[in-house]
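Open the structure in your viewer and keep the selection tool at hand. We will go from stop to stop.

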Amino acid sequence: MTYFPEEVVEHIFDFLGSHRDRNAVSTVCKAWYHVERFSRRNVFVGNCYAIRPERVMARFPGMKSLSVKGKPHFADYNLVPYDWGGFALPWINAAVRRCPGLEDLRLKRMVVTDDDLDLLARSFPNFRSLVLVSCEGFSTDGLAAIATYCRGLRELDLQENEVEDHGRQWLSCFHESCTSLVSLNFACLKGEVNAGVLERLVARCPNLRSLKLNRAVSVESLNEIVARAPYLVDLGTGSFAVDHHTDAYQRLMNSFSKCKSLSSLSGFWEASPHCLDAVYPVCINLTVLNMSYAPAIQADDLIKLISLCFKLQKLWVLDCIGDKGLAVVASTCKELQELRVFPSDIYGAGATSVTEEGLVAISSGCPKLNSLLYFCYQMTNAALITVAKNCPHFTRFRLCILDPWKPDPVTNQPLDEGFGAIVRSCKNLRRLSLSGLLTDQVFLYIGLYAKCLEMLSIAFAGDSDKGMVYILKGCKNLRKLEIRDCPFGDIALLNDVAKYETMRSLWMSSCDVTLGGCKALAAKMPRLNVEIINESEGSDKLEENISDLHKAEKMYVYRTVAGPRNDAPDFIEAKEAKRNSRVPKESGRRRTLVVVQ
Amino acid sequence: MSTTETGNSSTTESAVSGLDYEETQLTLAASGASRSELERKRGFSEGVDLSLETKDFLSGSSDEAPISGAGEPSAAKAQVVGWPPVRSFRRNVLKSCTYVKVAVDGTPYLRKVDLEAHAGYQQLLTALEEMFSCFTARNYPNERLVDPVNGTEYVPTYEDKDGDWMLIGDVPWKVRSSSNFTGNIKGFGSHVEAINKEELEGAISTIHGKHHSTENNLVEW
């Protein structure tokens with residue numbers, strides 16, 4: 001291939017869509033490395049602390065689209081302190097200096113401030129798309145800046161962010177000449193937007209295909225919007241609080257019947273049972289339905305709705321759907337690929353819920369199912385074995401039995417055999433979350449069979465270090481391992497330290513690893529950052545007082561070529577080895593940060 | 001983290017106090033029957049015993065009580081940080097939903113009302129009136145309604161977690177958030193008086209068989 005002109009090689013590389021493929025070809029030879037780096041447009045950084053932003057921009061000067069992830073996944077469940085890090089600013093700054101042609105930015109689990117958004121909005125004339133997922137630190141003022149300065153904005157997608165409402169009418173900041181919006185999602189915002197402004201914005205954007213309204217948008221407003229945007233493909237309905245006896249309801253039904261392109265529905269924040277009839281006309285075309293934020297909708301209404309959705313591929317519901325409802329899904333939705341069943345009552349045992357029966361029904365009715373997130377109060381080995389047999393195509397299997405350590409209620413056995421069947425049968429499994437009573441045996445199975453596994457989440461499981469060692473030894477493609485409340489200690493941690501350089505990250509909290517174990521790991525592996533998060537109250541600030549035998553409450557280990565980070569907060573104790581000549585020169589120069597608080 | 005030393009002791013205490021409360025509280029009805037029925041329905045009694053056994057071999061966590069059982073207060077479960085693994089955004093959305101079923105004797109169907117949407121007696125009363133507009137008459141807290149035919153007084157009642165019929169109105173209205181639940185308020189005849197949220201929660205825990213020992217849900221007997 002090296003005797004082809006570069007343009008030809010570059011053209012061939014154009015056919016490589018995935019980051020992994022491009023990463024792979026760039027390691028073949030220097031010539032390919034250079035062709036690839038100049039032609040890469042989409043850059044994905046899975047851990048914002050694995051590499052310095054400047055290094056990324058220097059390598060990929062033609063970058064148009066950047067995606068960066070910050071906090072560890074368990075931050076979603078409040079296990080990571082608020083000010084741990086994951087700041088967007090260094091990335092935006094670096095792009096301002098080096099990649100002014102930036103068009104798309106996607107950030108997940110990062111801290112983004114209003115100033116960051118302001119800088120972003122003013123610095124990139126070709127900016128088209130901003131996607132923020134599970135981020136925090138900004139308010140509607142930042143959104144106002146985006147609306148004001150990003151003249152050609154096509155996409156503003158805010159997914160489950162914590163956004164402060166400063167009351168500013170940010171939506172009004174979209175200029176009258178802004179007609180380019182294709183996708184607008186502000187479902188996570190708490191505050192109101194001016195209905196007239198919203199309706200006019202929708203009316204002047206002929207390419208708008210995805211619109212997700214927040215809870216504050218009334219049904220009357222929804223009506224106006226749907227009437228003006230009949231070509232919508234994806235709609236988040238906003239409040240949907242409407243009495244089905246009213247004219248507003250009739251008008252809504254008429255509007256929906258004109259939406260021939262609508263294939264994805266979500267929202268229904270305040271929907272009450274009978275008003276779902278209004279969406280029946282679109283059910284036949286729905287491929288995506290998210291009812292998981294509608295707790296007032298009970299099983300019978302869900303069933304009536306879903307029994308019309310023959311083409312459904314993705315369904316998110318609350319567990320009030322019950323096993324009965326899942327049976328209806330199984331018999332109706334033959335195209336179903338992804339199912340998520342969320343708990344509706346987090347703090348106690350729900351009267352209506354789903355059990356293993358619902359899951360078995362789904363597995364036998366929906367042969368294309370490949371992605372599952374299922375919260376339930378009980379599961380049996382027999383059910384999991386049946387599911388494994390019925391659905392060998394799972395790529396993502398996440399089961400959460402709400403009571404930790406809960407065994408199979410029929411046999412009182414651990415669920416080792418059930419999960420073992422899943423990993424044995426699903427040869428393409430990439431992501432797995434375990435729950436229930438589990439011994440080291442399940443980890444033996446996972447190590448043996450889950451050869452494609454990339455992400456594993458473990459909680460309240462296992463008997464000994466052997467469990468973790470099975471995983472590290474057997475799962476060749478493991479990238480992310482996150483463990484909480486398991487009896488894994490230093491022996492497991494230090495069993496194969498080189499393994500962690502083949503992974504993006506390891507999280508362990510409330511396990512048995514000690515400070516001494518963490519130090520040993522850091523000492524052996526200079527290209528890992530080992531962060532210990534200590535939040536115990538009343539402890540003294542001096543690291544000398546804490547013996548190496550003390551357990552590390554929370555530990556986060558990740559590979560990096562950037563060296564220790566300089567923005568770690570006080571409660572993080574970062575460990576890294578002393579510098580030596582073998583360490584790549586990108587890694588920095590920082591001293592160890594200490595502290596305990 | 002609940003597996004730290006501080007976490008253990010507090011959950012142990014609340015677990016113990018929860019069990020004591022459950023055993024010693026006075027009830028009028030044959031509450032044993034209703035409780036065991038709920039146990040069957042949920043199948044948790046075995047789970048509780050087993051979990052206590054299996055917890056022993058997991059070092060350092062034998063005192064923990066993250067599992068909710070008949071006597072286990074849901075406070076213990078709430079203390080396991082980050083469990084169940086549900087994003088805060090979703091938790092907050094569900095937390096703010098407080099729909100309660102309202103049944104009025106003599107009406108053909110029930111309605112659901114969001115308690116959080118109302119700041120007190122009058123607002124809730126007004127909302128309920130609208131819902132049952134064909135059936136209810138205006139009713140002020142201090143007036144007693146009387147059946148015009150035979151002079152019998154109407155009183156609003158609810159069914160508490162022991163299956164006892166209790167008079168509504170003893171506990172003052174307090175708005176607080178709680179997770180999604182259903183409860184039953186029944187008015188004798190066709191009147192529904194102002195309803196107290198705590199009592200509703202008491203009623204609710206009957207339906208679910210939970211014993212709420214968290215601060216939010218204590219009912220004064």
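Predicted model: local features only at pLDDT ≥ 70, side-chain atom pairs only at ≥ 80, totals over all residues.

**Stop 1: a helix in chain A.** Select helix α3, residues 30–39 of chain A. Which of its residues are buried? They are A:Trp32, A:Val35, A:Glu36, A:Arg37 and A:Ser39. Now show α1 (6–13), α2 (19–25) and α4 (53–59) of chain A as well. The buried residues of α3 pack against these three helices.

**Stop 2: a cis peptide bond.** Move to chain B and select B:Trp83 and B:Pro84. The peptide bond that joins them is cis, with omega about -5°. B:Pro84 sits in the loop between α4 (74–78) and α5 (88–95) of chain B.

**Stop 3: positive phi angles.** Go back to chain A and pick A:Ser134, in the loop between β4 (129–133) and β5 (136–139). Its phi is positive, about 50°, although A:Ser134 is not a glycine. Is A:Ser134 buried or exposed? Its relative accessibility is 15%, so A:Ser134 counts as buried.

Next, select A:Phe268, in the loop between β11 (264–266) and α11 (280–283) of chain A. Here too phi is positive, near 55°, and the residue is not a glycine. A:Phe268 counts as buried because its relative accessibility is 0%.

**Stop 4: salt bridges.** The whole structure holds 26 salt bridges over all chains. Start with A:Arg97 and A:Glu54, whose side chains meet at 3.5 Å, N to O. This pair links distant parts of the chain: A:Arg97 is in helix α5 (residues 89–98) and A:Glu54 in helix α4, 43 residues apart. A:Arg97 counts as exposed at 58% relative accessibility, and A:Glu54 as partly exposed at 28%.

Now select B:Arg87 and A:Glu160, a salt bridge of 2.5 Å, N to O. B:Arg87 lies in the loop between α4 and α5 of chain B, and A:Glu160 in the loop between β6 (155–159) and β7 (162–164) of chain A, so the pair joins two chains. B:Arg87 is partly exposed at 24%, whereas A:Glu160 is buried at 17%.

For another pair, select A:Glu335 and A:Lys368, which meet at 2.8 Å, N to O. A:Glu335 is partly exposed, with a relative accessible area of 31%. A:Lys368 is partly exposed too, at 41%.

**Last stop: a network.** Select A:Asp76, A:Arg109, A:Glu160 and B:Arg87 together. Salt bridges with shared partners join these residues into one network.

Terms used:
Residues numbered from 1 in each chain as written. Chains lettered and ligands numbered in written order. Heavy atoms only, no water. Buried < 20%, exposed > 50% of the residue type's maximum accessible area, 1.4 Å probe, protein only. Helix = DSSP H or I, 4+ residues; strand = E, 2+ residues; numbered from the N terminus. Contact = heavy atoms within 4.5 Å. Salt bridge = Lys/Arg side-chain N within 4 Å of Asp/Glu carboxyl O.
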